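Hi everyone, thanks for coming. Today I'd like to walk you through one model and talk about helix packing and charged pairs. Have a look at it first.

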Amino acid sequence: ITRQCLEVFLKYKHPTAIITKNSLVLRDIDLLKKLAEEQLVSVHVSVTSLSEKTRMLLEPRTTTIQKRLETIRVLSENGIPVNVMLAPIIPGINSHEILPMAKAVSEAGALSIAHTVVRLNGAIGEIFTDWIRKAMPDRADKVLHQIEACHGGSLNDSRWGSRMRGEGEMAEMIRSQMHLAKRKYFADKKFPQLNTSLHAPYKDGQLKLF
(Lines give C-alpha, C1' and ligand atoms only; values in the text may rest on other atoms or scores of the structure.)
Protein backbone atom coordinates (compact mmCIF):
# COMPACT_ATOMS: atom_id res chain seq x y z
CA ILE A 1 0.00 0.00 0.00
CA THR A 2 2.97 2.36 0.59
CA ARG A 3 3.95 2.25 -3.06
CA GLN A 4 0.36 2.86 -4.15
CA CYS A 5 0.23 5.90 -1.84
CA LEU A 6 3.46 7.26 -3.34
CA GLU A 7 2.03 6.82 -6.83
CA VAL A 8 -1.01 8.88 -5.82
CA PHE A 9 1.19 11.56 -4.24
CA LEU A 10 3.26 11.77 -7.41
CA LYS A 11 0.20 11.95 -9.64
CA TYR A 12 -1.35 14.79 -7.66
CA LYS A 13 1.93 16.52 -6.69
CA HIS A 14 1.13 15.98 -3.03
CA PRO A 15 4.10 16.61 -0.68
CA THR A 16 4.85 13.82 1.76
CA ALA A 17 7.33 12.89 4.48
CA ILE A 18 8.29 9.33 5.36
CA ILE A 19 9.49 8.23 8.81
CA THR A 20 11.24 4.86 8.93
CA LYS A 21 13.92 2.73 10.54
CA ASN A 22 13.77 0.18 7.75
CA SER A 23 15.85 -0.13 4.58
CA LEU A 24 12.72 -1.29 2.73
CA VAL A 25 12.19 2.37 1.81
CA LEU A 26 14.77 1.82 -0.95
CA ARG A 27 12.32 -0.49 -2.72
CA ASP A 28 10.44 2.60 -3.92
CA ILE A 29 13.46 4.72 -4.77
CA ASP A 30 12.28 5.20 -8.35
CA LEU A 31 9.15 6.98 -7.13
CA LEU A 32 11.05 8.83 -4.41
CA LYS A 33 13.47 10.21 -7.01
CA LYS A 34 10.60 11.51 -9.13
CA LEU A 35 8.98 13.13 -6.10
CA ALA A 36 12.32 14.61 -5.02
CA GLU A 37 12.81 16.22 -8.43
CA GLU A 38 9.90 18.52 -7.56
CA GLN A 39 10.79 18.77 -3.87
CA LEU A 40 7.76 16.70 -2.88
CA VAL A 41 9.34 14.19 -0.50
CA SER A 42 11.64 13.90 2.49
CA VAL A 43 12.71 10.81 4.42
CA HIS A 44 13.30 10.75 8.16
CA VAL A 45 15.40 7.79 9.30
CA SER A 46 15.58 6.73 12.94
CA VAL A 47 19.03 5.88 14.33
CA THR A 48 19.42 4.92 17.99
CA SER A 49 23.01 3.71 18.25
CA LEU A 50 26.17 2.89 16.33
CA SER A 51 26.57 -0.26 18.40
CA GLU A 52 25.02 -3.44 17.07
CA LYS A 53 24.93 -4.81 20.61
CA THR A 54 22.85 -1.84 21.74
CA ARG A 55 20.62 -2.02 18.66
CA MET A 56 19.97 -5.70 19.27
CA LEU A 57 18.91 -4.91 22.82
CA LEU A 58 16.70 -1.96 21.92
CA GLU A 59 15.42 -2.89 18.45
CA PRO A 60 16.08 -6.59 17.81
CA ARG A 61 13.80 -6.85 14.76
CA THR A 62 14.96 -3.76 12.90
CA THR A 63 17.49 -3.05 10.16
CA THR A 64 21.14 -3.15 11.24
CA ILE A 65 23.01 0.09 11.88
CA GLN A 66 25.23 -0.38 8.82
CA LYS A 67 22.19 -1.03 6.65
CA ARG A 68 20.55 2.11 8.03
CA LEU A 69 23.63 4.20 7.26
CA GLU A 70 23.72 2.68 3.77
CA THR A 71 20.02 3.58 3.33
CA ILE A 72 20.81 7.20 4.24
CA ARG A 73 23.71 7.17 1.78
CA VAL A 74 21.72 5.72 -1.13
CA LEU A 75 18.79 8.10 -0.59
CA SER A 76 21.13 11.09 -0.38
CA GLU A 77 23.08 10.07 -3.48
CA ASN A 78 19.80 9.97 -5.36
CA GLY A 79 18.84 13.50 -4.39
CA ILE A 80 16.30 12.54 -1.72
CA PRO A 81 16.67 14.75 1.37
CA VAL A 82 17.23 12.79 4.59
CA ASN A 83 16.75 13.95 8.16
CA VAL A 84 17.91 11.60 10.90
CA MET A 85 15.99 11.17 14.12
CA LEU A 86 18.40 10.34 16.93
CA ALA A 87 15.55 8.89 18.89
CA PRO A 88 14.83 8.07 21.48
CA ILE A 89 17.84 9.30 23.45
CA ILE A 90 17.97 7.17 26.59
CA PRO A 91 20.21 8.48 29.37
CA GLY A 92 22.82 5.89 30.36
CA ILE A 93 22.24 3.79 27.23
CA ASN A 94 22.82 5.87 24.09
CA SER A 95 23.12 9.46 25.36
CA HIS A 96 26.93 9.24 25.09
CA GLU A 97 26.64 8.46 21.36
CA ILE A 98 25.06 11.72 20.19
CA LEU A 99 28.22 13.21 18.66
CA PRO A 100 29.46 9.96 17.05
CA MET A 101 25.99 9.26 15.61
CA ALA A 102 25.72 12.80 14.26
CA LYS A 103 29.11 12.50 12.60
CA ALA A 104 28.27 9.13 11.03
CA VAL A 105 24.91 10.17 9.60
CA SER A 106 26.31 13.47 8.32
CA GLU A 107 29.07 11.60 6.51
CA ALA A 108 26.41 9.29 5.05
CA GLY A 109 24.66 12.31 3.55
CA ALA A 110 21.97 13.33 6.04
CA LEU A 111 21.11 17.03 5.83
CA SER A 112 19.85 17.47 9.39
CA ILE A 113 19.27 15.74 12.72
CA ALA A 114 16.66 15.95 15.47
CA HIS A 115 16.12 14.12 18.74
CA THR A 116 13.59 13.13 21.35
CA VAL A 117 14.21 12.15 24.96
CA VAL A 118 12.70 8.80 25.91
CA ARG A 119 9.40 8.89 27.77
CA LEU A 120 7.61 5.83 29.11
CA ASN A 121 3.89 6.52 29.19
CA GLY A 122 1.24 4.12 30.46
CA ALA A 123 2.07 0.42 30.38
CA ILE A 124 5.33 1.17 28.53
CA GLY A 125 6.91 2.22 31.82
CA GLU A 126 6.26 -1.18 33.40
CA ILE A 127 7.38 -3.04 30.29
CA PHE A 128 10.59 -1.02 30.00
CA THR A 129 11.38 -1.38 33.72
CA ASP A 130 10.95 -5.16 33.54
CA TRP A 131 13.04 -5.32 30.35
CA ILE A 132 15.96 -3.24 31.58
CA ARG A 133 16.19 -5.11 34.88
CA LYS A 134 16.61 -8.31 32.88
CA ALA A 135 18.72 -6.95 29.99
CA MET A 136 20.96 -4.53 31.93
CA PRO A 137 20.70 -5.40 35.63
CA ASP A 138 23.98 -3.66 36.44
CA ARG A 139 22.73 -0.22 35.35
CA ALA A 140 18.94 -0.54 35.45
CA ASP A 141 18.44 1.69 38.50
CA LYS A 142 20.79 4.38 37.16
CA VAL A 143 19.04 4.52 33.79
CA LEU A 144 15.56 4.60 35.34
CA HIS A 145 16.55 7.40 37.74
CA GLN A 146 18.08 9.43 34.89
CA ILE A 147 14.91 9.04 32.81
CA GLU A 148 12.86 10.18 35.80
CA ALA A 149 15.18 13.18 36.18
CA CYS A 150 14.23 14.24 32.64
CA HIS A 151 10.49 14.18 33.40
CA GLY A 152 9.94 15.78 36.78
CA GLY A 153 10.63 12.62 38.75
CA SER A 154 8.38 10.34 36.71
CA LEU A 155 8.88 7.86 33.89
CA ASN A 156 5.60 9.11 32.46
CA ASP A 157 5.40 12.55 30.86
CA SER A 158 2.42 13.71 28.79
CA ARG A 159 2.96 17.44 29.17
CA TRP A 160 2.77 19.34 25.90
CA GLY A 161 6.00 21.14 25.13
CA SER A 162 8.22 19.12 27.46
CA ARG A 163 7.30 15.48 26.92
CA MET A 164 9.56 15.07 23.87
CA ARG A 165 12.39 17.33 25.10
CA GLY A 166 12.55 16.60 28.81
CA GLU A 167 13.77 18.97 31.50
CA GLY A 168 16.47 19.20 34.15
CA GLU A 169 20.22 18.79 33.99
CA MET A 170 20.25 15.53 32.01
CA ALA A 171 17.85 16.83 29.36
CA GLU A 172 19.86 20.05 29.15
CA MET A 173 23.06 18.06 28.67
CA ILE A 174 21.41 16.15 25.81
CA ARG A 175 20.25 19.42 24.20
CA SER A 176 23.75 20.88 24.53
CA GLN A 177 25.27 17.86 22.79
CA MET A 178 22.69 18.12 20.00
CA HIS A 179 23.47 21.82 19.58
CA LEU A 180 27.19 21.05 19.38
CA ALA A 181 26.58 18.18 16.95
CA LYS A 182 24.56 20.41 14.61
CA ARG A 183 27.18 23.13 14.74
CA LYS A 184 30.03 20.66 14.19
CA TYR A 185 28.60 18.38 11.50
CA PHE A 186 25.66 20.22 9.89
CA ALA A 187 26.69 23.87 9.83
CA ASP A 188 26.97 23.91 6.02
CA LYS A 189 23.82 21.85 5.40
CA LYS A 190 20.20 22.84 5.04
CA PHE A 191 17.15 20.60 5.02
CA PRO A 192 14.72 21.75 2.29
CA GLN A 193 11.07 22.56 2.87
CA LEU A 194 8.51 20.47 1.03
CA ASN A 195 7.03 22.12 -2.04
CA THR A 196 3.34 22.82 -1.44
CA SER A 197 2.82 25.05 -4.48
CA LEU A 198 2.14 22.25 -6.98
CA HIS A 199 -0.71 20.58 -5.14
CA ALA A 200 -4.11 21.75 -6.37
CA PRO A 201 -7.53 21.09 -4.76
CA TYR A 202 -9.41 18.15 -6.25
CA LYS A 203 -12.40 19.07 -8.36
CA ASP A 204 -14.36 16.02 -7.25
CA GLY A 205 -13.22 15.91 -3.66
CA GLN A 206 -10.75 13.54 -2.02
CA LEU A 207 -12.51 10.44 -3.32
CA LYS A 208 -11.04 11.28 -6.73
CA LEU A 209 -7.71 10.14 -5.30
CA PHE A 210 -8.93 6.58 -5.40
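Predicted model: local features only at pLDDT ≥ 70, side-chain atom pairs only at ≥ 80, totals over all residues.

Let's start with a term: buried means under 20% relative accessible area, exposed means over 50%, and partly exposed is in between, using a 1.4 Å probe and protein chains only. Residues are numbered from 1 along each chain as its sequence is written, and side-chain values use heavy atoms, with hydrogens and water left out.

Okay, salt bridges. Side chains of opposite charge can pair when their charged atoms come close. For us, a salt bridge is a side-chain nitrogen of Lys or Arg within 4 Å of a carboxyl oxygen of Asp or Glu. How many salt bridges does the structure hold? There are 13.

Take Arg 73 and Glu 70, whose side chains meet at 3.1 Å, N to O. Both sit in helix H4, residues 65–77, three residues apart, or about one turn of the helix. A quick word on that: helices are DSSP runs of H or I with at least four residues, numbered from the N terminus. Arg 73 has 31% relative accessibility, so it counts as partly exposed. Glu 70 is partly exposed too, at 35%.

Over in helix H8, residues 168–185, Arg 175 and Glu 172 are three residues apart, again about one turn. Their salt bridge is 3.0 Å, N to O. Arg 175 is partly exposed at 23%, and Glu 172 is partly exposed at 40%.

Then there's Arg 133, which meets Asp 141 at 2.7 Å, N to O.

Now, helix packing. H1 (residues 2–11) and H2 (residues 29–37) pack at about 25°, with axes 10 Å apart. The axes are lines fitted to C-alpha atoms over the stretch in contact, and angles run from 0 to 180 degrees between N-to-C directions. That angle makes H1 roughly parallel to H2, a label for angles under 35 degrees.

Who makes the contact, meaning heavy atoms within 4.5 Å? From H1 we have Arg 3, Leu 6, Glu 7, Phe 9 and Leu 10, and from H2, Asp 30, Leu 31, Leu 32, Lys 34 and Leu 35.

Last one: Arg 3, Glu 7 and Asp 30 are also linked with Arg 27 and Asp 28 in a network of salt bridges.

Note on methods
Helix = DSSP H or I, 4+ residues; strand = E, 2+ residues; numbered from the N terminus. Parallel < 35°, antiparallel > 145°, perpendicular 65-115°, else oblique. Contact = heavy atoms within 4.5 Å.
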